[in-house]
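This report looks at how the parts of one structure meet. Please have the sequence and the model open while reading.

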Amino acid sequence: MKTSDRISSAFAAGREASQPLVVPFITAGYPTATSTVPIVTALAASGADMIEIGMPFSDPLADGPTIQHASEVALRNGMTVGKTLEAVREIRASGTDAALILMGYCNPVFAYGVDAFIKDATQVGVDGLIIADMPPDEAGEFLVSCRAVGLSLTFLVAPNAPDDRIRKVDGASTHFSYCVSVTGVTGARSAIESRTIEFLQRMRKLSTKPFVVGFGIKKPEHVMTLGPHADGVVVGSAIIDAIESVGGAGAVVVDAVNAVSTLVAPLCAAARQATMTAQRREA
Amino acid sequence: MSEITQHAKLPDKNGRFGQFGGRFVPETLIPALSELEEAHAEAICDAEFTAELERLLCDYAGRPTPLYRARGLEDETGGATIWLKREDLLHTGAHKINNTIGQGLLARRMAKQRVIAETGAGQHGVASATVAAMFGLDCTVYMGEEDMRRQRLNVFRMELLGARVVPVSSGSRTLKDATNEAIRDWVTNVDSTFYILGSVVGPHPYPAMVRNFQSVIGREVRAQLLEAGEAPPNLLIACVGGGSNAIGLFADWLDDDINMVGVEGAGHGIDTASHSATLSRGAIGILHGTRSYLLQDNDGQVQLPHSISAGLDYPGVGPQHSHLKETGRVTYTSVTDSQAVLALQRLSRCEGIIPALESAHAIAKLYEMAETNSIGESDRVVVCLSGRGDKDVEVVTEHLDAHPEEDLR
């Protein structure tokens with residue numbers, strides 16, 4: 001399938017079934033140097049039509065302690081941008097057709113070289129990019145290059161942004177936007193706040209694209225609460241926590257694979273329920 | 001000259017100094033940075049704000065600081081005329097308070113009840129805690145665990161001032177990680193909190209705003225020389241970590257035809273892996289919201305800097321310094337830990353002034369320039385003595401115990 005068509009068809013399938021996508025996140029190179037391919041393959045097999053793969057960075061300032069830790073472990077395992085792209089190539093070679101989104105920070109991508117990165121990412125089968133510290137105001141040529149090759153570039157939309165800012169950010173995203181559920185870093189939250197839902201409702205009015213919501217979504221009830229208000233829910237820190245519970249950096253790969261599959265199945269089930277709730281509400 | 005004149009107009013509306021600077025931050029901070037930019041721009045045009053800033057700099061911080069003619073140092077360095085700009089005599093012992101008073105006033109103006117700060121050596125943390133105490137603001141300071149060990153005295157001072165000091169145990173446990181943690185706090189508590197950033201680094205408008213608050217240093221030098229009937233200097237020297245005291249001294253002189261030298265920490269030597277000479281040895285990258293020179297590996301991961309001076313121990317540098325390097329307006333160079341410790345001892349003996357290890361880097365460059373005949377009798381030099389050395393006696397003692405051949409006692 002052509003790059004970023006996978007994104008469109010994932011959202012289209014979601015809309016068709018009136019179901020939000022469950023979008024799991026895993027840091028490349030965590031828990032081990034060779035675990036990324038089996039974990040992503042297993043996530044796809046568990047029903048995830050879109051998967052985020054984190055490119056580790058030494059100074060991940062949008063991330064809470066859980067993903068910071070995963071990044072540190074991944075860097076100790078020798079993970080690089082180049083090796084992350086290589087893992088994507090292997091995932092595609094194994095026949096996985098889920099949309100794959102690379103998520104990271106500016107500096108490692110710029111150090112790899114913007115043109116080389118976009119070319120290589122497209123070639124190995126990456127569908128989209130999210131750069132946490134690159135707001136649209138700074139995206140300039142990067143955005144132009146992504147558009148030129150049809151690579152998706154997603155910008156983060158924050159709940160404290162005024163309406164005109166939300167329109168600008170959403171307008172800059174090529175295929176879909178990413179709503180940050182609360183002001184804060186990844187992973188930080190125990191209960192859903194009502195203002196998150198208000199934010200997503202505001203986003204629905206302002207946005208012209210599909211959007212996912214992430215940061216702090218860990219449990220089936222979170223998916224059920226937020227799912228009706230978005231086109232997808234991103235689950236990140238909970239995946240890392242699940243792998244930590246089976247040994248983290250010392251985990252056997254098959255245990256890590258089982259742990260994430262066990263976590264994701266009920267989240268996908270919750271996503272199906274979320275739809276029903278939404279339909280009842282609309283009726 | 002046109003090239004030189006442009007410096008005063010920077011940054012542009014996008015927060016750029018040439019290709020450097022910008023606002024590479026998570027989206028949540030964009031509204032806060034825009035709000036801050038606007039508040040700062042309004043405040044500096046408000047006569048009431050600037051009058052109060054001036055009053056506090058004078059009555060509370062102790063400005064103007066003396067411009068001291070250092071004749072003992074002149075005797076040692078063979079004839080150049082040398083002035084020391086005595087920022088070490090300010091309240092809290094370093095130039096950092098020029099900036100924290102300004103940002104503290106802004107926090108109050110923006111009705112923020114809580115301030116946060118990052119700190120390396122603890123000087124900026126102490127200056128932030130001091131101003132927070134004076135203004136009655138709640139203050140949290142992030143400090144790397146490793147720095148808390150190295151600078152226990154400053155931790156105690158901050159706590160005495162009523163601040164909460166939060167140990168940072170991630171990454172290298174130093175200033176870089178304390179800054180990450182402060183930014184994470186700000187992202188989380190952006191509505192209630194003002195982030196008092198301590199140097200001319202970070203996302204726009206911080207590099208410009210901190211420069212504006214620190215540029216009182218260079219303006220005062222100009223006024224003091226004029227009042228004394230002295231000709232202008234032909235050389236300015238300051239140390240560069242993030243670079244706030246250097247920009248503070250240089251900013252008012254960028255359009256004048258004089259030389260400027262910024263001195264980075266060469267640690268164990270710039271050809272080793274242990275230094276903090278970002279401009280001399282780094283490559284262009286993005287850290288803490290700004291594009292600037294950066295110590296990083298080939299994969300774009302940030303490298304751990306080293307300097308005996310905790311205040312220079314930072315892998316990045318202010319974007320305006322990167323621009324001043326690229327345009328050739330300022331010369332950036334470095335001296336080693338050993339040179340700095342020697343300079344600290346020599347200045348203590350010839351002038352009765354114990355400089356901070358950071359400032360000792362600028363003094364060490366002066367000695368080196370004298371020894372290589374790069375300066376002579378016709379030269380008129382102003383060195384920024386950015387801080388006092390009391391905080392460093394333990395570190396210096398440790399260094400001299402390990403290197404008895406460098407001990408002047």
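What distance separates the centres of domain 1 of chain B and domain 2 of chain B, taken over C-alpha atoms? The answer is 23 Å. The model is predicted, and every value below is computed from it.

## Confidence

The average pLDDT of chain A is 93, and 95% of the residues of chain A score at least 70. Residues 279–283 of chain A are a stretch where the pLDDT is below 50. Beyond near neighbours in sequence, this stretch of chain A has two contacts in the model.

## The two domains of chain B

In the domain assignment, domain 1 of chain B covers 17–57 + 96–210, while domain 2 of chain B covers 62–93 + 215–406. Where they meet, 39 residues of domain 1 of chain B are in contact with 43 residues of domain 2 of chain B. About 3200 Å² is buried between these two domains, and carbon and sulfur atoms give 60% of that area. Within domain 1 of chain B, the residues that lose the most area to domain 2 of chain B are B:Phe20, B:Phe24 and B:Lys176; together they account for 19% of what that side buries.

One salt bridge is found across this domain interface. Polar contacts between the two domains of chain B come to 15 residue pairs, with both residues at pLDDT 80 or more. Several elements of chain B give two or more residues to the domain 1 side, among them β2 (20–21), α5 (96–109), α6 (123–135) and α9 (175–188). α9(B) gives the most to this side, with five residues. By class, the domain 1 side that touches domain 2 of chain B has 16 nonpolar, 16 polar and seven charged residues.

## Where chain A meets chain B

How many residues does each chain bring to the contact? Chain A brings 35 residues and chain B brings 33 residues. The area buried between chain A and chain B is about 2600 Å², with 52% given by carbon and sulfur atoms. The rule finds 18 residue pairs in polar contact across the interface of chain A and chain B, both residues being at pLDDT 80 or more.

On the side of chain A that touches chain B, the elements that give two or more residues are α3 (65–76), α5 (106–112), β6 (156–157) and α8 (163–172) of chain A. The most comes from α5(A), which gives five residues. Sorted by class, this side of chain A has 22 nonpolar, seven polar and six charged residues.

## Salt bridges

Side chains of opposite charge can pair when their charged atoms come close. Over all chains, a search of the whole structure finds 38 salt bridges. Between chain A and chain B the count is three salt bridges.

In one salt bridge, the side chains of A:Arg165 and B:Glu27 meet at 2.7 Å, N to O. Why does this pair join two chains? A:Arg165 lies in helix α8 of chain A and B:Glu27 lies in the loop between β2 and α2 (29–43) of chain B, so the pair joins two chains.

Methods
Residues are numbered from 1 along each chain as its sequence is written. Chains are lettered from A and ligands numbered from 1 in the order in which they are written. Side-chain values use heavy atoms; hydrogens and water are left out. Contact means heavy atoms within 4.5 Å. Buried area is the accessible area (1.4 Å probe) that two parts lose on being put together, summed over both. A salt bridge is a side-chain nitrogen of Lys or Arg within 4 Å of a carboxyl oxygen of Asp or Glu. A polar contact is a pair of N or O atoms within 3.5 Å; within protein, one must be able to donate a hydrogen and the other to accept it, and residues adjacent in sequence count only if both atoms are side-chain atoms. Helices (H or I, at least four residues) and strands (E, at least two) are DSSP runs, numbered from the N terminus. Ala, Val, Leu, Ile, Met, Phe, Trp, Tyr, Cys and Pro count as nonpolar, Asp, Glu, Lys and Arg as charged, and the others, Gly among them, as polar. pLDDT is the predictor's confidence in each residue, from 0 to 100. Domain bounds come from an automatic or database domain assignment.
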